[in-house]
Amino acid sequence: MTKVTKEMTTRSLPGRGRQWRASANRARPVQVLRVAILLSYCSILCNYKAIEMPSHQTYGGSWKFLTFIDLVIQAIFFGICVLTDLSSLLTRGSGNQEQERQLKKLISLRDWMLAVLAFPVGVFVVAVFWIIYAYDREMIYPKLLDNFIPGWLNHGMHTTVLPFILIEMRTSHHQYPSRSSGLTAICTFSVGYILWVCWVHHVTGMWVYPFLEHIGPGARIIFFGSTTILMNFLYLLGEVLNNYIWDTQRSCAFGSAAIWQYELLKSRVQSYFDGIKADWLDSIRPQKGDFRKEINKWWNNLSNGQRTQVS
């Protein structure tokens, strides 16, 4: 994290300078990681486009699949992240107000893309794909596709998206837009894609996803409405998760509560074992009166000669 980025972020996030100073030590590994993720997405896209699948030759090509659209979104997002890092390095120590203003706009675009597109669409693709795949893979990913798409490429499209976006969210703070504008944007994207799927069906007579062929019109309307609601929920989930990770007061409160619970539990356990130890010592320690009675009983049982010898 460069000086310019730290200063601008600290000004916009009062009270969080300590977090950003701590994260500055891992800025360079994060920048390298972003480049690696961007290259991996470029590799996945190139390999996917190189596959000669019949569905790629029909109307809409690859752009009718949400998985491909999500890959493009993730590649563009991490491309903006890398561009932001490069711009931050180039403007470090320059003192150019115009460059700092442009960098701030680039950071705002990066944050907006993560909030509105990268996180909700990426999590939606991973979650919905594997849920339907576990139920009946023929409904979304027929076995015929195994002849065209290798396993590593399938996981690159439908699995690694989630850990990559979570790593990005955990390593860098992202300022979310206002909730109304964010929800409006994700609703626009969802409705736009649904209309695009319906248009492809209108032109070709076939649905993009096989399971849509097996449900009635009413069920399709419910499904499309549910996907829009789920997209909105994932946007709110990303906002809550981002605030939870980067909220200093909440994190400190959680840490203090955890320490207090640990100390309380430790004290109770120590008191419990101290009580057991005290009870055990009391059980093996002879009572003062009983000890004297035993001595007197033993002395009385001795003969006069034995008493003389003991004395």
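**Notes on the predicted model**

1. The chain has 12 helices and 0 strands. Please keep in mind that the model is predicted.

2. Of the 311 residues in the chain, 39% are buried. The accessible surface is about 18600 Å², and carbon and sulfur atoms account for 64% of that surface. Among contacts between residues at least 6 apart in sequence, 76% link residues at least 24 apart.

3. The largest nonpolar core holds 66 residues, and those touching the most other members are Tyr41, Leu66, Phe77, Val121, Ile149, Phe189 and Tyr209. At least two core residues come from each of α3 (27-50), α4 (66-91), α5 (97-136), α6 (151-158), α7 (161-171), α8 and α9. The biggest contribution is that of α5, with 16 residues.

4. How do α8 and α9 pack? Helix α8 (residues 179-204) and helix α9 (residues 217-246) meet at an angle of about 150°, and their axes lie 10 Å apart. The crossing of α8 past α9 is right-handed. On the α8 side the contact includes Leu183, Ile186, Phe189 and Ile194, and on the α9 side it includes Phe224, Met231, Tyr235 and Leu236. By class, this contact has 10 nonpolar, 5 polar and 2 charged residues.

5. Phe189 deserves a separate look. It belongs to the core and also to the contact of α8 with α9. Apart from neighbours within four places in sequence, Phe189 is in contact with Leu66, Ile69, Ile73, Leu117, Val121 and Met231. Of these partners, Met231 is one of the α9 residues in the helix contact, while Leu66 and Val121 are listed with Phe189 among the core residues that touch the most other members.

Key
Residues numbered from 1 in each chain as written. Predicted model: local features only at pLDDT ≥ 70, side-chain atom pairs only at ≥ 80, totals over all residues. Heavy atoms only, no water. Axes fitted to C-alpha atoms, helices over the stretch in contact; angles between N-to-C directions. Helix = DSSP H or I, 4+ residues; strand = E, 2+ residues; numbered from the N terminus. Left-handed = near helix turned anticlockwise from the far one by under 90°. Contact = heavy atoms within 4.5 Å. Nonpolar A, V, L, I, M, F, W, Y, C, P; charged D, E, K, R; others polar. Buried < 20%, exposed > 50% of the residue type's maximum accessible area, 1.4 Å probe, protein only. Areas by Shrake-Rupley, 256 points an atom, 1.4 Å probe, with all protein chains shown as cover. Core = buried A, V, L, I, M, F, W, Y, C linked by side-chain atoms within 4.5 Å.
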